[in-house]
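Here is a friendly briefing to read beside the structure.

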Amino acid sequence: MFFRKRTALLGFFLMSASSLPQTAVQTESRARAFRLWITAGPGLFWIILFLLIPSAVLLGIGFLSSNDYGSPVMPITSQPFQQVAGFSMLGWDDGNIIIFLRSLEQAGIATVVTALLAYPLVFFIMTRPESVRPLLMLFIVLPSWTNQVVRTYAWLELLGPNAPLTWVAHALHIVPPDLGIAPGSFAVTTGLAYNYLPYMIVPLYASAERLDWTLVEAGRDLYASGFKLFWHTVFPQTIPGLLSGIIFVAIPAFGDYVVPQLLGGDRALMIGSLIANQFTETPDWPYGAALTIIMLVFTAAGLIAFRILSRRLGGSGEATI
Amino acid sequence: MSNVVPRSVRTMLSAISWPVYILLYTPLALVALYSFAPAPNQTGHSLHAYSVLFADGDVGAALRRSLILAFGSAIVSTSLGTLLGYGLCRFRAPNARGIAANLPSLIIYTPIIMPSLVFGISELIFFNFVHSTTGLLNAGLGTMVIAHITFQVPYVALTVFARLAGLDPNLFEASHDLYADGIKSFFYLTVPVVRPAIIGGFLLGITLSIDDFTISFFTSGPGSVTLPIYIYGAIARKGISPEINALGTLMIAVIIVLAVAHFFINRHRERASQLPV
């Protein structure tokens, strides 16, 4: 019995086999298990060793004290989390709360902007001849294959202190003279929307491709037109794609590091830069780890919420692991 | 379907979409435009920035490291990911349920879902910890390759899995009936059939590696500056220069040329395979 328990623990995803009686089925499932271990084992082991264990270490460090060099030391304490909430030796400070809210706001705006742009783009592509559609999709995705740093700093050429769009902003008196649109929060929003637009378009396009157009025709036969027709016949069918798009945009945008770093400056600090600072410029590893944990909690909460939503509203029928 | 969308709506869609397409490429085009800035004290356009760039040994070294990183990590992740996707598709107990059965999926999706900053910082802490206790895994190109493999494996596995899941299971039965054992059927049936997915996974791995900055940044050491880290450092120190624009232009151009070439070659092949025999 004990032995059987241990084999079940070792072959943790093959437990169904261990309860069967000793038959040919069991021998066959043993062979299957062995093959699964040889083939899937190394890849899974790699991810566990180099990602799951490191994240577990990170989670642990968030509950340790820090020494004078910002390195984690015993004893266990909740001090890093107090720091996250804004408490320090100087009293309470709303800096961190503001940074968290700003990150949420930036991610939210970027998601809305990408969704608003994605709908016309997706249906524009859908109304083109079938042979050019893949090419039009390629040119949507292409910028996101260039390096993060290159495609982000490229926006400084348009929004920087001495760049074309900044001159326009100066002429309209939107931006004070001598300053650029970048660095600033508008530049961050633009950069995030630019970086993550393809992540909204690709899932939306996938659901638009599977759209049942007979419903639209039926709606038109019932004298619906314009926005009403779209809202009642097209939109509900694209909800699964939209939800995936929201996840793909909002989660990475919330924790983005490159965009606020290059386009934001000190005035538009986001959670990503705040975390990174605790590991580079002014080291305080436990504080940084605690910030990361909070960010992960937000990420996980968002994921679970959208997962439940998309289950309720009907998921996609594609083959996934 | 196109007859369902009225003409006025189509005009509106075009009016919104073409400017977006232009906007997508304007920043990249400006990088290229400014890379042809003249040499100091001269006017007009020139290739001055490019000649400065090619003479710079640091850039050459960074390029070499970027290539080692991209190809090294993609080769390992393609092998691990192909086996992983194959194993999960073929050998997972068919009616297993519960957390234990879903564990491999959970493990595979973690690197995809985890924000890259959290990914990078976890690795930074882990490598640092391992180095301080055992002396192994000193931050450098080696740790960067390890990290890049980690985020590529799931994408390769998903690509291969999707291809295999679309196959007729009878194919494997047939190869078994013809006395092919597991290894033979892997090399003579699976590999040829999923070759497009394996190549696709490999290219995806390289693309992901070239695209990445955040994870590279946190796993690199002082002696392992790659191209993106070089550009980031240069901009942080002295702002954008024509040389940086020249480097950026080359990086953008290589990706665009390769992607467009890959697209048309693939399309040509697909068309050829659809011809009636």
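Predicted model: local features only at pLDDT ≥ 70, side-chain atom pairs only at ≥ 80, totals over all residues.

pLDDT is the predictor's confidence in each residue, on a scale from 0 to 100. Chain A averages a pLDDT of 77, and 82% of its residues score at least 70.

**Confidence along chain A**
- Among the elements of chain A, the highest mean pLDDT, 89, belongs to helix α7 (residues 148-153), while helix α1 (residues 2-10) has the lowest, at 37.
- Please take care with residues 1-21 of chain A, where the pLDDT is below 50; this stretch still has 25 contacts in the model beyond near neighbours in sequence.
- The pLDDT is also below 50 over residues 316-321 of chain A, a stretch with 10 contacts beyond near neighbours in sequence.

**Where the chains meet**
- On the chain A side, 71 residues are in contact with 79 residues of chain B.
- Helix α3 (residues 24-61) of chain A provides the largest share of the side that touches chain B, with 21 residues.
- By residue class, that side of chain A divides into 53 nonpolar, 13 polar and 5 charged residues.

**The largest nonpolar core**
- This core has 138 residues, and those with the most contacts inside it are A:Val122, A:Tyr196, A:Ile201, B:Ile121 and B:Val160.
- Helix α6 (residues 141-165) of chain B gives the most to the core, contributing 14 residues.
- The core lies between domain 1 (2-61) and domain 2 (96-277) of chain A, because both domains give residues to it.
- Setting aside neighbours within four places in sequence, B:Ile121 is in contact with A:Leu58, A:Ile275, A:Phe279 and A:Thr292 from chain A, and with B:Phe218 from chain B.

**Make-up of chain A**
- Chain A holds 15 helices and 4 strands.
- Of the 321 residues in chain A, 41% are buried.
- For contacts in chain A between residues at least 6 apart in sequence, 64% join residues at least 24 apart.

**Make-up and extent of chain B**
- Chain B has 11 helices and 0 strands.
- The radius of gyration of chain B is 24 Å, well over the 19 Å that the globule rule gives for 277 residues, so chain B is more spread out than a compact globule.
- Along the principal axes, the C-alpha atoms of chain B fill a box of roughly 80 × 70 × 35 Å.
- Buried residues account for 40% of the 277 residues in chain B.
- Among chain B contacts between residues at least 6 apart in sequence, 79% join residues at least 24 apart.

Key
Residues numbered from 1 in each chain as written. Chains lettered and ligands numbered in written order. Contact = placed C-beta atoms within 7 Å. Helix = DSSP H or I, 4+ residues; strand = E, 2+ residues; numbered from the N terminus. Nonpolar A, V, L, I, M, F, W, Y, C, P; charged D, E, K, R; others polar. Core = buried A, V, L, I, M, F, W, Y, C linked by C-beta atoms within 7 Å. Buried ≥ 20, exposed ≤ 12 C-beta atoms within 10 Å, placed from the backbone. Domains from an automatic or database assignment. Rg over C-alpha atoms; globule rule 2.2 N^0.38 Å.
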